Amino acid sequence: MFQPAVIDTGDKAEFYRELAQQLESLLHGEPNMIANAANTSALMYQAMPDLNWAGFYFLDTDDELVLGPFQGKPACVRIPVGRGVCGTAVKEGQSILVEDVHAFPGHIACDAASRSELVVPVRRHGRVIGVIDLDSPEPARFDRDDQAGIEKLAAIFAAAIG
């Protein structure tokens, strides 16, 4: 049985190295996308401070994302590609870090308490299949170190599902 270890470090790079190792261990040998998305969401939500939402949206069609496994309050179920932070990340094919969601044109507010957001595309065989979405009630909660760390977790997740 997997037992998450408390990551006690003030160094973000080291924090994400340890979190990546835990995720690799957690997903090892399990190819199921839903199970792995559920466990990845839970691990991020438990390990990362100041989050109010952590989860996945997956492409349901070429034009729409659908809610996947997550931790936090109930969320928007469908997001058009190109709308909000998640849909824009898919359309642009790149991570988006938003320090103040109220300043992001077209932000979709599933939880009014969210103030900042980080969305990272998940790629499988070179194609975006969805995103990891993290929300925080703290303004400017995420930085480039968080982005790089979550991009690594997205790669680990994608490799686990094949």
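Leaving aside neighbours within four places in sequence, with which residues is proline 121 in contact?

**Figure 1. Overview of the predicted protein chain.** Residues are numbered from 1 along each chain as its sequence is written, and side-chain values use heavy atoms, with hydrogens and water left out. Because this is a predicted model, local features need pLDDT of at least 70 and side-chain atom pairs count only at pLDDT 80 or more, while totals for chains, interfaces and linings use all residues. The chain averages a pLDDT (the predictor's confidence in each residue, from 0 to 100) of 93, and 99% of the residues score at least 70. It contains 4 helices and 6 strands, these being DSSP runs numbered from the N terminus (helices: H or I, at least four residues; strands: E, at least two). Their order along the sequence is α-α-β-β-β-α-β-β-β-α. The radius of gyration, 15 Å, is close to the 15 Å that the globule rule gives for 162 residues, so the chain is as compact as a globular protein of that length; the radius is taken over C-alpha atoms, and the rule is 2.2 Å times the number of residues to the power 0.38.

Figure 2. The buried residues are Gly84, Val85, Cys86, Gly87, Thr88, Ala89 and Val90. They pack against strands E1 (53-61), E2, E3 (78-80), E4 (96-98), E5 (116-124) and E6 (127-136). Glycine 93 follows H3 and has a positive phi, near 70°.

**Figure 3. Proline 121 in strand E5.** Proline 121 counts as buried because its relative accessibility is 5%. Beyond its neighbours within four places in sequence, proline 121 is in contact (heavy atoms within 4.5 Å) with Ala89, Gly93, Gln94, Ser95, Val128, Gly130, Val131 and Ala154.

**Figure 4. Proline 121 and arginine 141.** These two residues are 20 residues apart in sequence. In space, their C-alpha atoms are 19 Å apart.

**Figure 5. Helix H1 and strand E2, compared by confidence.** Among the elements of the protein chain, helix H1 (residues 12-27) has the lowest mean pLDDT, 95. Strand E2 (residues 64-72) has the highest, 98.

Technical notes
Buried < 20%, exposed > 50% of the residue type's maximum accessible area, 1.4 Å probe, protein only.
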